[in-house]
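User: I am new to reading structures. Could you walk me through some side-chain pairings?

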Amino acid sequence: MYLDDVKQILIDILNLGEQGHAMNAQTRLLGSLPELDSMAVVNVITALEELFGIAVQDDEISAETFDTLGSLAAFVAQKLG
């Protein structure tokens, strides 16, 4: 549902270029993308908050949230209710 927007944020923040455009819902993120370090996670969360008008609490962020592109998009969908 929000997959394309979340994907674009990852492409922009992580500077993934063409590699990013090949990502789909099953693409693994945390541990698979070397660009996605702890600082990048913070930047991605900030961008998601700004784009979607959501607030993400520290205790809502887990490895499962950033497991795949699909799980991150599902997290955004859940936050938007």
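User: Which side chain meets Arg 28 in a salt bridge?

Analyst: Start with the idea. Side chains of opposite charge can pair when their charged atoms come close. A salt bridge is a side-chain nitrogen of Lys or Arg within 4 Å of a carboxyl oxygen of Asp or Glu. Here, Arg 28 pairs with Asp 67, at 2.7 Å from N to O. The two sit 39 residues apart: Asp 67 in the loop between α3 and α4 (69-80), Arg 28 in the loop between α2 and α3. Helices are DSSP runs (H or I, at least four residues), numbered from the N terminus.

A word on the source: this is a predicted model, where local features need pLDDT of at least 70, side-chain atom pairs count only at pLDDT 80 or more, and totals for chains, interfaces and linings use all residues. Residues are numbered from 1 along each chain as its sequence is written, and side-chain values use heavy atoms, leaving out hydrogens and water.

User: How many salt bridges does the structure hold?

Analyst: It holds 2. In the other, Lys 79 meets Glu 60 at 2.8 Å, N to O. Lys 79 is in helix α4, and Glu 60 is in the loop between α3 and α4, 19 residues away.

User: How exposed is Arg 28?

Analyst: Buried means under 20% relative accessible area, exposed over 50%, and partly exposed in between (1.4 Å probe, protein chains only). Arg 28 is partly exposed, at 47%. Asp 67 is partly exposed too, at 26%.

User: What does Thr 27 contact, leaving aside neighbours within four places in sequence?

Analyst: Contact means heavy atoms within 4.5 Å. Thr 27 touches Asp 67, Thr 68 and Leu 69.
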